[in-house]
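We'll take a walk through a few spots worth a look.

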Amino acid sequence: MPDLEDLYREIILDHYRAPRNRGELPVPPAHRVEGFNPLCGDEVVLYLDIDDGTVRDVRIGGQGCSISQASTSMMSAAIKGRTVEEARKLVRAFDALMSIHESHLDGADGADGADGTDAPGAGSEPDALTDTRLGDLMALRGVVKFPVRIKCATLSWHTLRQGLDEAAAG
Amino acid sequence: MSAPAPAAGTASLDVERIRRDFPILAREVHGRRLVYLDSAASSQKPLPVIEAMERCHREYYANVHRGVYTIAEESTAAFEAARLTVARFVGSADAREIVCVRNATEAINLVAYSWARANLGPGDAVVVSEMEHHANVVPWQMLAEERGVELRWLPVTDDHRLDTAGLEHALDGARLLAVTAMSNVLGTINEIRPLADAAHAAGALILVDACQSAPHVPTDVTAWDADFVAFSAHKMLGPTGIGALWARAELLEAMPPFMGGGEMIRDVRLDGFTPNEVPWKFEAGTPAFVEAIGWAEAVRYLDTLGLTAVRAHEKALTAYTLEALEARFGTKLTVYGPRDVEARGSAISFLFEDIHAHDISQVLDQGAVCVRAGHHCAKPLMRRLGVPATSRASFYLYNDEADADALVDALAEAERFFAL
Ligand SMILES: Cc1ncc(COP(=O)(O)O)c(C=O)c1O
């Protein structure tokens, strides 16, 4: 049986209790984007201040479970100050992390632990994972042991991808 | 093990003995006794139901209505007997008034497609309550969109009951009142007879969503003076894949068929078809007759215990649980729905401080406690309550105080874990 502690790592609970970058930014210049999980009602709102190819500032809002809210908070901390390209890489790396098959998780410690070769749908994930350091975000990897919660963790990232796309499209 | 523990003229159930009829309750999850508190979503199945379906599959399985050989006659007779059993369960003596469908959702859609589309148009109104399950909302929204029918809402009061203050006004010019007999979120029981009287006085019909009430309180369509009643087998100890629309025979006679195909016709020619009699007119294709046979066994199981005894047991257990929750957690825990167990069923929706319902469910699962989290397919009601999601523990005849205690203990564990 997967342990609850695998899901609710201390750093996740910390972000849940004290979310970083909570608030709003004036729109425009910031870009506002909303993500919604119709199944459980989780809601993520992102304000992205993108200038000259860099995410200058980010604010988050919304409501949902600890996993969705912590993932949003951790994401905001990870992308603030990064270039849009780096942010996109993080999105890909996070997606890869969430699609590692559970059985590859045991004993795997950190990004380089997963060989992913015969994981279903692994594809190019090892690349996405090895050339991007996820840092604290690795704490979320235990989520894959609880498949119904994966959508909670990925909501903010898919919302970010949409926001970056929309911002790029002007 | 084929007959359930009889009520023996008392209002109490021998839950220990009942539990032995449900094989799944002997299961352990994460090394603990399974505490199943999600019967409002679907109930577990007793051995007589499982065995009746297996018996049909093993001994007399053949498609119904079309064969003249012995086992086809047997399966047809068992199917039609099941229909009568279900009719009697809701207080009707006429098996023709039971249309077998997949579930309550399909029953409501049948009324929306057949009766409503033949009879309603611009200028007509349908009244629904704010506490309806999506199954009793969306079919009417689709009708409204397609046919220009007006949709009107009966609100919910601050103490989570149906607000009937504006009922007469809402029914003015309405053709149908579609309302649940028991809320799947709040547990609230709606008194159907006064609603039916008001609807009829306004010249409207009444459709009752009995999905949550039928498993727990006696149903009497005549005492209700209802026109349409929808319910599902799987919430009342029966299998999935079958439910029923009960409707007054003369209404069914006048309604056009819903789906076309085999079984629902009397004759098919190159230039058209003649529909079958009711209820078969509404049962296109091979029906879920094995499931119907299982359902009839579920009805017999409930009848033997007596729904009055089931209701008494659940009232006591609900009161016990509400008290235990309040004693342990006080104002940290918010319960939605009436406190008075006379006015509610055994579904208890709650919020625990700021801990999200999904996180609660996740921690509870470690204690093998199964509760539902989310919007419970009642988003208009969730908006009215001002919450995106709640946890819901729902009790049935096989639950006991040990289950309620396990819920309280698991919630204490969640509180410790999140220590907000
Ligand atoms: C009040 C109510 N109505 C309708 C339904 C739909 O039942 P089914 O999914 O069996 O069609 C449910 C099931 O959750 C319900 O609780």
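How far does a polar side-chain atom of Thr105(B) lie from an oxygen atom of the ligand? The gap is 2.5 Å. Bear in mind as you go that this is a predicted model.

Stay with the ligand for a moment. Gln212(B) also has a side-chain N or O atom by a ligand oxygen, at 2.7 Å. For His133(B), the distance from a side-chain N or O atom to an oxygen atom of the ligand is 3.3 Å. Taken on its own, the ligand has 390 Å² of accessible area, and the protein covers 87% of that. The residues around the ligand carry chain B labels, and they include Asn103(B), Ala104(B), Ala135(B) and Asn184(B). Further along chain B, Asp209(B), Cys211(B), Ser232(B), His234(B) and Lys235(B) are also among them.

Now for the empty space. Rolling a water-sized probe over the atoms is a way to show where space is left. The largest pocket in this model holds about 1,100 Å³. It is lined by 47 residues, and those closest to its centre are Asp38(B), His358(B), Val371(B), Arg372(B) and Ala373(B). By type, the lining splits into 19 nonpolar, 19 polar and nine charged residues.

Which parts of the fold build that lining? The top contributor is α12(B), with five residues. In terms of domains, at least three lining residues come from domain 1 (15–44 + 306–417) of chain B, and at least three from domain 2 (51–303) of that chain.

Most peptide bonds are trans, and most residues other than glycine have a negative phi. In chain A, look at the loop between α2 (10–17) and β1 (31–37), where Pro28(A) sits. The bond joining Val27(A) and Pro28(A) is cis, with omega about -20 degrees. The next bond, from Pro28(A) to Pro29(A), is cis too, with omega about 10 degrees, and Pro29(A) is also in the loop between α2 and β1. Over in chain B, His30(B) has a positive phi, near 50 degrees, although this residue is not a glycine. You'll find His30(B) in the loop between β1 (28–29) and β2 (32–33) of chain B.

Technical notes:
Residues are numbered from 1 along each chain as its sequence is written. Chains are lettered from A and ligands numbered from 1 in the order in which they are written. This is a predicted model: local features need pLDDT of at least 70, side-chain atom pairs count only at pLDDT 80 or more; totals for chains, interfaces and linings use all residues. Side-chain values use heavy atoms; hydrogens and water are left out. On a 1 Å grid over the protein atoms alone, a cavity is a set of points where a 1.4 Å probe fits but cannot get out, and a pocket is an open set with protein on both sides within 12 Å along at least five of seven lines; lining residues have an atom within 4 Å of a point. Grid points are joined across faces, edges and corners, and a volume is the space filled by probe spheres set on the points. Helices (H or I, at least four residues) and strands (E, at least two) are DSSP runs, numbered from the N terminus. Ala, Val, Leu, Ile, Met, Phe, Trp, Tyr, Cys and Pro count as nonpolar, Asp, Glu, Lys and Arg as charged, and the others, Gly among them, as polar. Domain bounds come from an automatic or database domain assignment. A residue is near a molecule or strand if one of its heavy atoms lies within 4 Å of it. A polar contact is a pair of N or O atoms within 3.5 Å; within protein, one must be able to donate a hydrogen and the other to accept it, and residues adjacent in sequence count only if both atoms are side-chain atoms. Accessible areas come from the Shrake-Rupley method with a 1.4 Å probe; for residues, only the protein chains shown count as cover.
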